[in-house]
Amino acid sequence: MDNQIYWFITVFTKFDDKYGIKGARTWGFYSNKEDALDTLINNRTDLWEHCYDYAVLEAYHEGISGYDFEEERIFFQYDYVENKYYPIGYEPEEVKCYASFAIG
């Protein structure tokens, strides 16, 4: 396993008390955090698709169970006026005990 970090973008419709998130889709990943943030914040390729009001950016390493627990995951909410995702600045209670949304 190498030390390269890959940044996965997952969008979802809402937070859920039982499952953490609902209606999720992982769009893809980048080897560069800045590119992942630019894609997510600027809603490149219409990540929102008229239904994905939230997103999470997570770090992974190559391999099985490569989730990076040292990198902070970042949660976002879609802004309908600006057509962008913005960081919400905290980790919602519904997801505090969950890890690895992008890969499962």
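Within the chain, 59% of the contacts with a separation of 6 or more are made by residues 24 or more positions apart; contact here means heavy atoms within 4.5 Å. The model is predicted, so local features need pLDDT of at least 70 and side-chain atom pairs count only at pLDDT 80 or more, while totals for chains, interfaces and linings use all residues. Residues are numbered from 1 along each chain as its sequence is written, and side-chain values use heavy atoms, with hydrogens and water left out.

The chain has one helix and seven strands, and from the N terminus on its elements follow the order β-β-β-β-α-β-β-β. Helices (H or I, at least four residues) and strands (E, at least two) are DSSP runs, numbered from the N terminus. The C-alpha atoms fill a box of roughly 40 × 30 × 20 Å along the principal axes. The radius of gyration is 13 Å, which agrees with the value near 13 Å for a compact globule of 104 residues. This radius is taken over C-alpha atoms, and the globule rule is 2.2 Å times the number of residues to the power 0.38.

What share of the residues is buried? Of the 104 residues, 39% count as buried, where buried means under 20% relative accessible area, exposed over 50%, and partly exposed in between (1.4 Å probe, protein chains only).

In soluble globular proteins, nonpolar side chains tend to be buried together. A nonpolar core is a set of buried Ala, Val, Leu, Ile, Met, Phe, Trp, Tyr and Cys residues joined through side-chain atoms within 4.5 Å. The largest such core holds 16 residues, of which Leu 40, Leu 57, Phe 76 and Tyr 85 touch the most other members. Two or more residues of this core come from each of β1 (6-12), α1 (33-41), β5 (54-60) and β6 (74-79). Apart from this core lies another, of nine residues, including Phe 12, Phe 15, Val 56 and Phe 75. Leaving aside neighbours within four places in sequence, Leu 40 is in contact with Ile 9, Leu 47, Ala 55, Leu 57, Phe 76 and Tyr 85.

With a relative accessible area of 11%, Ser 100 is buried, and its phi is positive, about 65°, although it is not a glycine. Which residues does Ser 100 touch, not counting those up to four places away in sequence? They are Glu 58, Tyr 60 and Tyr 67. Ser 100 and Tyr 85 are 15 residues apart along the chain, and their C-alpha atoms are separated by 20 Å.

Glu 49, in the loop between α1 and β5, also has a positive phi, near 50°, and is partly exposed at 33% relative accessibility. Tyr 19 sits in the loop between β2 (14-16) and β3 (20-22) and is partly exposed, with a relative accessible area of 46%. Tyr 19 and Val 95 are 76 residues apart in sequence, yet 8.1 Å apart in space, C-alpha to C-alpha. Glu 72, in the loop between β5 and β6, is exposed, with a relative accessible area of 64%.
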